[in-house]
Amino acid sequence: MLEKIKEAISKIQESTKPIKVISHNDTDGITSAAIFSRALQRAGIKFSLEIVKALEEPFIKQLPEDHLLIFLDLASGSLSYLEKKNTDVIILDHHELQDSKISNNILMVNPQLTDEENISGAGICYLFAKSLSPQNIDLATLAVIGMVGDQLEKEPGKIYNQIIQDSKVTIKKGLLLYPATRPLDRVLEYSSSLYIPDVTGSFPGVVALLREAGLQKTQNGYKSLAELTDQEMSNLITAIMLKRIGETDSDKIVGNLYLIKFFNKQEDAREISASINACSRMGYPEISIGFCLGNKEMKKEAGKIYVEYKQNISSALKYINELNKIEGKNYTIINARDKIKDTIIGTTASIMSHSPLYPEGTIIVAMAYNEDKIKVSARLVGKKGRNVREVLTKATIPLKGEVGGHPGAAGCLISKEHEEEFTKTLKNLLEVDFVKIE
Ligand SMILES: [Mn+2]
């Protein structure tokens with residue numbers, strides 16, 4: 001991959017055309033854009049930047065051909081549109097390639113072509129930045145945030161281990177609950193990603209659990225996860241396993257905590273990733289980039305938007321509670337129409353799939369309007385059950401929708417005029433129990 005990166009650097013340095021950079025709006029895309037922008041800025045190279053939700057054909061068509069086009073954390077799936085552009089294209093991405101043929105106007109930097117390890121967009125942009133100048137080593141922290149944002153932190157390989165070393169992140173094995181830097185009582189009470197019966201949402205339950213784990217409140221309140229000793233961490237995990245009856249595998253709740261230095265404070269990379277993502281999805285990608293690049297004003301703004309985002313999610317969940325749903329054996333279809341933002345519908349569906357209200361094997365499909373289209377997000381509760389990507393693919397074949405994702409979590413966009421037809425087909429498919437994950 002380094003060879004390709006060097007080629008990309010020469011192409012950029014020798015370009016006589018102005019440069020346009022396009023990146024994705026999730027945490028990995030935003031950190032990619034932040035790293036790449038800072039690196040170009042330090043090298044004195046001028047460019048313009050645009051952040052997009054997805055790459056669609058009409059958008060690519062209108063991109064200027066008198067520019068050098070650079071795509072970060074996306075575009076590997078859009079090669080057939082990009083090869084028609086009458087200009088040079090550079091892609092720094094880690095997504096699956098649509099096609100093994102890469103046309104001559106495209107320079108592709110993608111670990112899928114050369115490496116055994118999957119490196120996120122931000123990781124590739126960091127390698128680019130470091131090749132451009134060793135001064136850019138301070139951008140490694142952003143690469144770690146992007147890695148966590150794309151959930152690639154579980155088993156870091158050779159390249160990631162080097163990035164981790166460059167970033168001076170502290171890795172601590174422990175409970176996968178964030179932020180690991182805030183007092184435990186608050187984090188346990190408000191966590192939506194790790195559900196603990198009688199504890200999540202109940203302050204007395206939290207206090208009882210911490211007592212069972214032998215953790216005392218001190219003058220400064222309860223410790224944070226980051227401050228626990230190995231013994232305390234192990235006692236807490238045991239106490240939680242006992243509450244989550246039937247759970248024998250601690251892998252689901254235990255993993256690596258990534259503690260980074262950000263704005264001169266110790267922070268949990270997962271929490272920073274969540275706030276970057278929230279800020280961008282609420283429609284403020286420029287604020288999340290400013291936050292990544294150390295702007296104090298933007299940090300304040302990002303903090304406010306993150307709070308608003310969490311409130312939006314909780315009102316979305318409340319709204320869904322009261323909404324008439326289409327429900328059957330092992331499935332729930334929610335059509336929120338224009339009442340929930342399309343940018344948070346996927347997160348809302350994911351939180352629902354972690355809640356104890358739905359038994360393992362349930363398929364949750366949530367829909368929300370996105371201008372003249374409908375964003376559809378499907379989640380499988382637990383690991384066993386039907387393949388949701390296949391279900392969505394089958395339901396969208398006659399409608400020409402675009403499906404993406406995995407067997408356990410997938411999404412698609414359909415045209416609004418097909419709302420009724422889609423819901424009907426989907427319901428029929430979900431009634432029949434044949435698409436299974438092996
Ligand atoms: Mn990515």
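Just after helix H7, Gln151 adopts a positive phi of about 55°; helices here are DSSP runs of H or I with at least four residues, strands are E runs of at least two, and both are numbered from the N terminus. The model is a predicted one, in which local features need pLDDT of at least 70, side-chain atom pairs count only at pLDDT 80 or more, and totals for chains, interfaces and linings use all residues. Residue numbers start from 1 along each chain as its sequence is written.

Of its 10 residues (140-149), 10 are buried, so the helix is largely enclosed by the rest of the structure. Buried means that 20 or more other C-beta atoms, placed from the backbone, lie within 10 Å of the residue's own. The buried residues, among them Leu142, Ile145 and Met147, pack against several elements, including helix H2 (27-42), helix H8 (158-167) and strand S7 (254-262). Contact here requires C-beta atoms, placed from the backbone, within 7 Å.

Zooming out, the protein chain holds 17 helices and 14 strands, and 41% of its 438 residues count as buried. The C-alpha trace spans about 65 × 55 × 40 Å along its principal axes. Among contacts with a separation of 6 or more, 61% join residues 24 or more positions apart.

An automatic or database assignment supplies the domain bounds: domain 1 covers 2-139, domain 2 covers 171-313 and domain 3 covers 323-431.

Terms used: A residue is buried if 20 or more other C-beta atoms lie within 10 Å of its own, exposed if 12 or fewer, and partly exposed in between; C-beta atoms are placed from the backbone. Two residues are in contact if their C-beta atoms, placed from the backbone, lie within 7 Å.
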